[in-house]
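Please look through the sequence and the 3D structure shown here. The paragraphs after them take the reader from one part to the next.

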Amino acid sequence: MKTTPSPLYIYVAGKLSGNLEKNSEVMQRYASKIVKMGHIVYLPTFTFDLDHKNIQKKFKMSEHEFWVKHFDFHWLRRCDAVFLCPGWKESTGAEMERKY
C-alpha cells in the first residue's frame, strides 16, 4: 500500500514594515506556492484583523513584543520549517523568526 507523505507545517516569514500591502502580497504568493506543494502554511498576516491594540494594552507591552511573544513564537514551535521570503534580511522580526 502506497502512503502519502505527511505535509509539513511551514511558517512563512518576511518583511512586513514599509509597504505593508506589497510585502504581504509577496509573502502570500510564496505561501500559495508552498500550499500547492501539499504543505500547510502559517502567515503572520493571518492575525492582522484581530483587535491587537486592545489586546496589547491588556498585556502591557509594545506591539512588536506582543506579536512575537503571543503569536510568532507559539506558531514557530509548532512548525516544521521556516520559509524566508526575499527581503527578509531587512526585517528585525523575520531575523528573530529565523533564529528561533
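Asn23 has its place in helix 1; helices (H or I, at least four residues) and strands (E, at least two) are DSSP runs, numbered from the N terminus. The model is a predicted one: local features need pLDDT of at least 70, side-chain atom pairs count only at pLDDT 80 or more, and totals for chains, interfaces and linings use all residues. Residues are numbered from 1 along each chain as its sequence is written, and side-chain values use heavy atoms, with hydrogens and water left out.

With a relative accessible area of 13%, Asn23 is buried. Buried means under 20% relative accessible area, exposed over 50%, and partly exposed in between (1.4 Å probe, protein chains only). Leaving aside its neighbours within four places in sequence, Asn23 is in contact with Lys15, Leu16 and Ser17, where contact means heavy atoms within 4.5 Å. Ser24 is also found in helix 1 and counts as buried, at 9% relative accessibility. Apart from neighbours within four places in sequence, Ser24 is in contact with Leu16 and Thr45.

Leu16 leads on to the nonpolar core. A nonpolar core is a set of buried Ala, Val, Leu, Ile, Met, Phe, Trp, Tyr and Cys residues joined through side-chain atoms within 4.5 Å. The largest one has 9 residues: Ile10, Val12, Leu16, Met27, Ala31, Ile34, Val41, Leu43 and Cys85. Strand 1 (9-13) and helix 1 (20-36) are the elements that give two or more residues to this core, and helix 1 gives the most, with 3 residues. Once neighbours within four places in sequence are left aside, Met27 is in contact with Val12, Ala13, Gly14, Lys15, Leu16, Leu43, Pro44 and Cys85. There is also a second, separate core of 8 residues, with Tyr11, Ala13, Leu76 and Cys79 among them.

Aromatic rings come next. Rings of Phe, Tyr and Trp (its six-membered ring) pair if their centres lie within 6.5 Å; planes under 30 degrees apart count as stacked, over 60 as edge-to-face and the rest as tilted. The structure holds 3 aromatic pairs. One of them joins Tyr11 and Tyr42 and is tilted, at 5.4 Å centre to centre and 40 degrees between the planes. This pair links distant parts of the chain, with Tyr11 in strand 1 and Tyr42 in strand 2 (residues 40-42), 31 residues apart. Tyr11 is buried, with a relative accessible area of 0%, and Tyr42 counts as buried at 4% relative accessibility. The rings of Tyr42 and Trp75 have centres 4.4 Å apart and planes at 15 degrees, so this pair is stacked. Because Tyr42 lies in strand 2 and Trp75 in helix 3 (residues 63-78), the pair ties together parts that are 33 residues apart in sequence. Trp75 is partly exposed, with a relative accessible area of 37%. Ring pairs link Tyr11, Tyr42 and Trp75 into a cluster.

The last stop is helix 4 (residues 92-99), whose buried residues are Gly93, Ala94 and Glu97. Seen down the axis of helix 4, these buried residues fall within an arc of 95 degrees, so they line one face of the helix; the arc is that of the directions from the helix axis to the C-beta atoms. The face turned away from the buried side of helix 4 carries the exposed residues Thr92 and Lys99.
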